Every structure is written in structure tokens, then in C-alpha cells.
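I opened this entry to keep track of what I look up. The notes follow in the order I made them.

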Amino acid sequence: RDLGLAFAAVLLLIYILVVGWFQSFLTPITIMAAIPFSLVGILPVHAAMGAFFTATSMIGFIAGAGIVVRNSIILVDFIELRVRDGMPLEEAVIDAGAVRFRPMALTAAAVVVGSAVILFDPIFQGLAISLMAGEVASLLLSRATVPVLFYMTARRQAQKALAAQPAADAAGKDV
């Protein structure tokens, strides 16, 4: 129960920090959408290894959430930089997935190698499994999903801005 509250607090703090960085309330939701992808790896690997999901597993999930968010921030920031440089949104999204994959893969590899040391410790096995499986699953799933989610939200915002512009132009002409 206490770790669940800690996880909720961590999610809230991450959201607040990302809102401050990107100056948007919607972008952090896109970035944090990658966190549940960790569970796609964590839960099946726990079952496959015959390990229980323990408190240390939850600590690994919380720690992994920070790394997952970092990878998503790298993708979204890269897309925004490319768009600011004049690249079309579609190309920037594809470019981000291709160019930023290597740093994300190296981070996941570092987590896997570092966690392998404690994988067979009976107390910290859950932490190691959560970190390792969560990072690998999130790497593979979020690399495609986060840029696509960002693309969808950016296009929707652009369409709303275009739809609002004729109304604003018409209001300006009446004055």
C-alpha cells in the first residue's frame, strides 16, 4: 500500500516536472504513456521465472519508470527540435524513432547488465527482474508508440488551431 502511494507521488512529481519543461499539460501525458509498457515485460517475466511480485519488484518498477520517462522525453524533445528546425512533423517523428533508438538501447543494456548482478539474490531478484524486463519491454514498445502518440496530439492541436483561425479572422473583420 505504501509503495502504491509512493508510486502515485512519483507519477505526480514526474508530471509536474515535465509540464514545467515542455510548458504543456498534454505532452507529459504522452510521455508518461510509456510507463505501463514496463508492466508488459515485468509481469510475464516474473511468472516465467517463478518469482513473486514483491516490494522490491515494485521498487524496481518505480525506478524503471524514471528511465522510461527519460527515454520518452528524449524522443519528444528530439521531435520538437526537428520541427523547430523546419522539418515536417511526419519526418521528425520517423527520424526520432530511428536516430534516438541507439541511446535508448544503450540505456536499456546498461540497466540489464547492472541488474544482472542481483538477479539471483533472493531478496533483490524482484528488483532486478522489474528493471531488466521493464526496460526491454518499454524500449521496444515506447520507441514506436510515444512518437505516434505525439504525432496524433500535435496534429489534433494543429487542426484545432486552423479551425479556430477563420473564426478569429471573421471576428477581426467585424471590428
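**Charge over a ring**

I looked at Arg-143 and found its charged end over the ring of Phe-101, 4.3 Å from the ring centre. A charge sits over a ring if NZ of Lys or CZ of Arg is within 6 Å of the ring centre and within 35 degrees of the ring normal.

**Ground rules**

I note that this is a predicted model, where local features need pLDDT of at least 70 and side-chain atom pairs count only at pLDDT 80 or more, while totals for chains, interfaces and linings use all residues. Residues are numbered from 1 along each chain as its sequence is written, and side-chain values use heavy atoms, with hydrogens and water left out.

**The aromatic pair**

I looked for aromatic pairs and found one in the structure. The ring centres of Phe-7 and Phe-61 are 4.9 Å apart and the planes stand at 35°, so the pair is tilted. For the terms: rings of Phe, Tyr and Trp (its six-membered ring) pair if their centres lie within 6.5 Å, and planes under 30 degrees apart count as stacked, over 60 as edge-to-face and the rest as tilted. Phe-7 belongs to helix H1 and Phe-61 to helix H4, so the pair ties together parts 54 residues apart in sequence. Helices (H or I, at least four residues) are DSSP runs, numbered from the N terminus. I then checked burial, where buried means under 20% relative accessible area, exposed over 50% and partly exposed in between (1.4 Å probe, protein chains only). Phe-7 is buried at 13%, and Phe-61 is buried at 6%.

**Helix H4**

I checked the span of H4, residues 55-84. Its 30 residues reach 43 Å from first C-alpha to last, close to the 44 Å expected. The expected span is 1.5 Å times one less than the number of residues. Just after H4, Gly-86 has a positive phi of about 105°.

**Helix H3**

Which residues of H3 are buried? I found Ile-35, Phe-37, Ser-38, Gly-41, Ile-42 and His-46. Seen down the axis, these buried residues fall within an arc of 160°, so they line one face of H3. The arc is that of the directions from the helix axis to the C-beta atoms. Ala-47 and Ala-48, on the other side of H3, are exposed.

**Gln-23**

I located Gln-23 in the loop between helix H1 (2-22) and helix H2 (27-32). Its phi is near 55°, a positive value in a residue other than glycine. Most residues other than glycine have a negative phi. Gln-23 is exposed, at 66% relative accessibility.

Note on methods. Helices (H or I, at least four residues) and strands (E, at least two) are DSSP runs, numbered from the N terminus.
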